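I have kept to what can be read from the coordinates.

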Amino acid sequence: MIIVTTDFVPGKEITELKGFVRGNCVQSKHIGKDILAGLRTIVGGEIDEYTEMMTEARQKAIGRMTEDAKAKGANAIIAVRLETSSIMQNACEIIAYGTAVYVE
């Protein structure tokens, strides 16, 4: 599956438009990682536990978007975007979305 943020795939021709596709993941904090992250805020620096958590959530959202595109018969997704929003105090959602197409 080709995934790009542009409205076209360089060197390829879009022959079919398959439609809007999306995938999302709601991720909550892990109490053990939350304690470590809290300690890290005291001394400063990157909070690796949250970086890892958000990376995993992004990968899941992109994977689900890809499955949606495959189900529609696409071999590429153009105009891909990622958004994050807070759902509640200890959880966030990542959504990946774009336009599924068939390219040759």
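1. A disulfide here is a pair of cysteine sulfur atoms within 2.5 Å. By this rule the count comes to zero disulfides. The sulfur of Cys-25 has its closest cysteine sulfur in Cys-92, and the 7.9 Å between them is too far for a bond; Cys-92 is accordingly in no disulfide. Cys-25 counts as buried at 4% relative accessibility, and Cys-92 counts as buried at 13%.

2. A word on the basis of these notes: this is a predicted model, in which local features need pLDDT of at least 70 and side-chain atom pairs count only at pLDDT 80 or more, while totals for chains, interfaces and linings use all residues. Residues are numbered from 1 along each chain as its sequence is written, and side-chain values use heavy atoms, with hydrogens and water left out.

3. On the overall fold, the protein has two helices and four strands, taken as DSSP runs numbered from the N terminus (helices: H or I, at least four residues; strands: E, at least two). Read from the N terminus on, the order of the elements is β-β-α-α-β-β. Of the 104 residues, 29% count as buried. With contact meaning heavy atoms within 4.5 Å, 73% of the contacts between residues at least 6 apart in sequence join residues at least 24 apart. The protein exposes about 6500 Å², of which carbon and sulfur atoms supply 54%; accessible areas come from the Shrake-Rupley method with a 1.4 Å probe, and for residues only the protein chains shown count as cover.

4. Helix H2 covers residues 48–71, and its 24 residues reach 35 Å from the first C-alpha to the last, close to the 34 Å expected at 1.5 Å a residue; the expected span is 1.5 Å times one less than the number of residues. Which residues of H2 are buried? They are Glu-49, Met-53, Met-54, Ala-57, Ala-61, Met-65, Thr-66 and Ala-69. H2 is followed by Gly-73, whose phi is positive, near 85°.

5. Thr-66 deserves a separate comment. This residue of helix H2 is buried, with a relative accessible area of 11%. Leaving aside residues up to four places away in sequence, Thr-66 touches Met-1, Ile-3 and Ile-77. Thr-66 and Val-21 are 45 residues apart in sequence, yet their C-alpha atoms are 7.9 Å apart in space.

6. Gln-27 is found in strand S2, residues 14–28, and counts as buried because its relative accessibility is 16%. Its contacts, not counting residues up to four places away in sequence, are with Met-53, Ala-57, Lys-60, Asn-90, Ala-91 and Cys-92.

7. Most residues other than glycine have a negative phi. Ala-79, although it is not a glycine, has a positive phi of about 55°, and at 18% relative accessibility it counts as buried.

8. The structure holds three salt bridges, each defined as a side-chain nitrogen of Lys or Arg within 4 Å of a carboxyl oxygen of Asp or Glu. Lys-18 and Glu-16 meet at 2.8 Å, N to O; Lys-18 counts as partly exposed at 26% relative accessibility, and Glu-16 is partly exposed with a relative accessible area of 39%. Glu-56 and Lys-60 meet at 3.3 Å, N to O, and because they are four residues apart in helix H2, about one helical turn separates them. Glu-67 pairs with Lys-70, the closest N and O atoms being 3.7 Å apart; these two are three residues apart in H2, so again about one helical turn lies between them.

9. Finally, Val-26, Ile-87 and Met-88 form a nonpolar patch on the surface, with about 300 Å² of accessible area together. Patches are made of residues with over 30% relative accessible area and no salt bridge, like charges being joined within 9 Å and nonpolar side chains (Val, Leu, Ile, Met, Phe, Trp, Tyr) within 5 Å. Ile-87 has its place in strand S3 and is partly exposed, with a relative accessible area of 45%.

Methods
Buried means under 20% relative accessible area, exposed over 50%, partly exposed in between (1.4 Å probe, protein chains only).
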